[in-house]
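Student: I've just opened this one and could use a guide. Can we go through it together?

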Amino acid sequence: MKPTVDTVRAQIQRTLEQYFSLEEELQQLEAGRFRVCIFGSARIRPEHPTYQAVYRMSRLLAELGIDVVTGGGPGLMEAANLAVRDAVREAESEAHQDIQSIGLTIYLPRSDELANKHLDIKSEHRRFSSRLDEFMRLSHAVIVAPGGIGTMLELAYVWQLIQVGLAEKRAVVLLDRDMWCPLLEWMRDKMLDRALISPHDLDYVQVVDTPEEALALIKPELEKFRARAAAEPDGEVKVEEATRMLKALDKKKVEPKTT
């Protein structure tokens, strides 16, 4: 029998339900490691101060034993993944040897952009939607560095999922006040003033200037990760790892200074 619009839609719905079920199961299987996602421009080169700031941000995370997730491409994504690789290569402790540099790449038929060479795990996507969902599934905190339309898409997706309760609330840290404060001011002036958003919607993101400030905002997420692990029957290893990370973070004596 020839398919109809209704039968095809029903088949798509069944497939989506199976996909969501498998995604939830995968999230539970992947929940054993604390990860931070870093978004940012593919166009910024190594000599730029922002590239160096993102490298330092990712290096600090890796030195704590935290996995880093990026889009896997060039620019700031490369800076973050390279920093993880360098930290692992220079690590004296065996506990840091299994830190993962993760890239969620996207196939773009009109682009010759290649994945960077500093990935331990590469997951390629053909749809932005599935890629964004994987970013959310893997990450416990999000850092958004300067970027263009792609970075704005990633920020908006994360922001709205948290806003409407479809994703668990987590730290969303905007790195570089000069880049992000004008956007938030525009949102207050144009969106909030017209009641298109609520005042608390702006509380889901925080703005910093330095990697150290960002680390201070990630600390509560790590504490939350440890508390959740402590409630699990077999969560001892995760608790130990999170405790070690928190002790290392305390030694850095970072303090939040947010906008």
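Student: Which residues lie nearest the centre of the largest pocket?

Tutor: A pocket here is an open set of points on a 1 Å grid over the protein atoms alone where a 1.4 Å probe fits, with protein on both sides within 12 Å along at least five of seven lines; lining residues have an atom within 4 Å of a point. The lining of the largest pocket has 30 residues. Nearest the centre are Ala42, Met77, Ile106, Leu108 and Glu113.

Student: Before we go on, what kind of model is this?

Tutor: Residues are numbered from 1 along each chain as its sequence is written, and side-chain values use heavy atoms, with hydrogens and water left out. Local features need pLDDT of at least 70, side-chain atom pairs count only at pLDDT 80 or more, and totals for chains, interfaces and linings use all residues, since the model is predicted.

Student: Which element gives the largest share of that pocket's lining?

Tutor: Helices (H or I, at least four residues) and strands (E, at least two) are DSSP runs, numbered from the N terminus. Elements giving two or more residues to the lining include strand 1 (35-39) and helix 4 (128-138). The largest share, five residues, comes from helix 5.

Student: Helix 5 also meets helix 6, so to speak; which residues of helix 6 are in that contact?

Tutor: Contact means heavy atoms within 4.5 Å. From helix 5 come Thr151, Met152, Leu155 and Trp159. Their partners in helix 6 are Trp180, Leu183, Leu184 and Met187.

Student: How are helix 7 and helix 8 arranged, going by their angle?

Tutor: Axes are lines fitted to C-alpha atoms, for helices over the stretch in contact, and angles run from 0 to 180 degrees between N-to-C directions. Angles under 35 degrees count as roughly parallel, over 145 as roughly antiparallel, 65 to 115 as roughly perpendicular and the rest as oblique. Helix 7 (residues 211-230) and helix 8 (residues 236-252) pack at about 155 degrees, with axes 9 Å apart. That makes helix 7, relative to helix 8, roughly antiparallel.

Student: And what about helix 2 and helix 7?

Tutor: Helix 2 (residues 49-63) packs against helix 7 at an angle of about 40 degrees, and their axes are 9 Å apart. That angle makes helix 2, relative to helix 7, oblique.

Student: How many charged residues are in the contact of helix 2 with helix 7?

Tutor: Ala, Val, Leu, Ile, Met, Phe, Trp, Tyr, Cys and Pro count as nonpolar, Asp, Glu, Lys and Arg as charged, and the others, Gly among them, as polar. The contact includes Arg56 of helix 2 and Glu212 of helix 7. By class there are eight nonpolar, no polar, and charged residues number two.
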